[in-house]
Amino acid sequence: MPRKDPQAGKKTEESLATHGANLAGDATIGLSTELIALLEQHRASIAADFKASSEVINNKLDKIQAEVVNQEGRIGDLETNAEEVSQRLASLEATCVSIHEENKLLKNKLSDLEGRSRRQNVRMVGLPESLELGPRPTEFVSQLLVDVFGAQTLSTLPELDRAHRSLLPKPGLNEKPRTIIIRFHRFQTKDLVMREVRRRRGTLEFRGHKLQFYEDYTAEVQKQRVQYRDAMAELFNRGFRPSLLFPAKLRITLPDGRNRWLGSVSEATRFIQSTKEDAGPSP
């Protein structure tokens, strides 16, 4: 039986090992190529998705940028309009202030003109209704004034421009009669009558009816004069001689004969307070 060659067996084993290694290398190369292709495909897919997403984002950013530019323009327009409105408002406020001052001045002038137009008027209260009826009420009232004040005060019939009842509905039988408004033709005659009214104080009568005479002031002037009522009463009680001149200016005759003028109620109040301090505490 022939003997085996050890060298030949060793070579065979090496050959088989080399062939196996070659087969494994070929398999590895094939697997790497497939993996690379798969990875490349996946990368391409991711790149495509990223590109699509980027385009969407870019489109949105373009729209946002366009909207921002639009909003900036609108905000700029609003700021311009706001500035214009602010300037117009400031101009209107200045105009309103000017108009307010002019209106106040015109109201004062109107009140002064209305008050001066009534300076020759006298309001007579207490004469029953219908006594003055006749063709010429002015003649009746003129004779009434002579009868009430006497020939010593009115030596002739005073000339009257008008004499009429106040423009109110005629009262009933037991209601208060309406006031008669008398307009004298001359202010001097009217002033003479009112000085006599102040001198007699409540003693004027006509056919048994008590009469009262008042100045025909406007509502605004009357409101101003009423505010002095308490101050004048206090001054009378302290021995002063106050008189309220038109429209509402207080004149005080001091004990030494000098006159002092007070233009407001607060001034009159301070004057009264100063007299109290000068007099000292009551015993």
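**Ground rules.** I number residues from 1 along each chain as its sequence is written, and side-chain values use heavy atoms, with hydrogens and water left out. Because the model is predicted, local features need pLDDT of at least 70 and side-chain atom pairs count only at pLDDT 80 or more, while totals for chains, interfaces and linings use all residues.

**Entry 1: the sheet.** I looked up the strands (DSSP runs of E, at least two residues; helices are runs of H or I, at least four, and both are numbered from the N terminus). Two strands pair if DSSP finds at least two bridges between them. I found an open sheet of 4 strands in the order β2-β3-β1-β6, with antiparallel pairing. β2 (160–165) and β6 (212–215) are its edge strands, each pairing on one side only. Strands of a sheet pair through backbone hydrogen bonds, either parallel or antiparallel. I then took β1 (residues 121–125) and β3 (residues 180–184), which pair in the antiparallel sense over 4 bridges. Val122 has Ile182 in β3 as its bridge partner.

**Entry 2: salt bridges.** I counted a salt bridge where a side-chain nitrogen of Lys or Arg lies within 4 Å of a carboxyl oxygen of Asp or Glu. The whole structure has 15 of them. For cover I used relative accessible area: buried is under 20%, exposed is over 50%, and partly exposed is in between (1.4 Å probe, protein chains only).

I started from Asp216, which is buried at 5%. Its side chain meets that of Arg118 in a salt bridge of 3.5 Å, N to O. Asp216 sits in the loop between β6 and α4 (219–226) and Arg118 in the loop between α1 and β1, so this pair ties together parts 98 residues apart in sequence. Asp216 also forms a salt bridge with Arg123, at 2.8 Å, N to O. Arg118 is partly exposed at 24%, and Arg123 is partly exposed at 25%. Glu114, Arg118, Arg123 and Asp216 are linked in a network of salt bridges.

**Entry 3: aromatic pairs.** I paired rings of Phe, Tyr and Trp (its six-membered ring) with centres within 6.5 Å; planes under 30 degrees apart count as stacked, over 60 as edge-to-face and the rest as tilted. The count is 4 aromatic pairs. Phe140 and Phe206 have ring centres 6.1 Å apart and planes at 90 degrees, so they are edge-to-face. Phe140 is in helix α2 (residues 137–149) and Phe206 in strand β4 (residues 205–206), 66 residues apart. Both are buried. Phe240 and Phe271 are also edge-to-face, at 5.5 Å between centres and 65 degrees between planes. Phe240 lies in the loop between α5 (229–237) and β7 (241–245) and Phe271 in helix α6 (residues 265–279), so the pair ties together parts 31 residues apart in sequence. Phe240 and Phe271 are buried.

**Entry 4: positive phi.** I noted two residues other than glycine. Ser130 has a positive phi of about 75 degrees; its place is the loop between β1 and α2. Ser130 is partly exposed at 31%. Arg207 has a positive phi near 55 degrees and is found in the loop between β4 and β5 (209–210). Arg207 is exposed at 61%.
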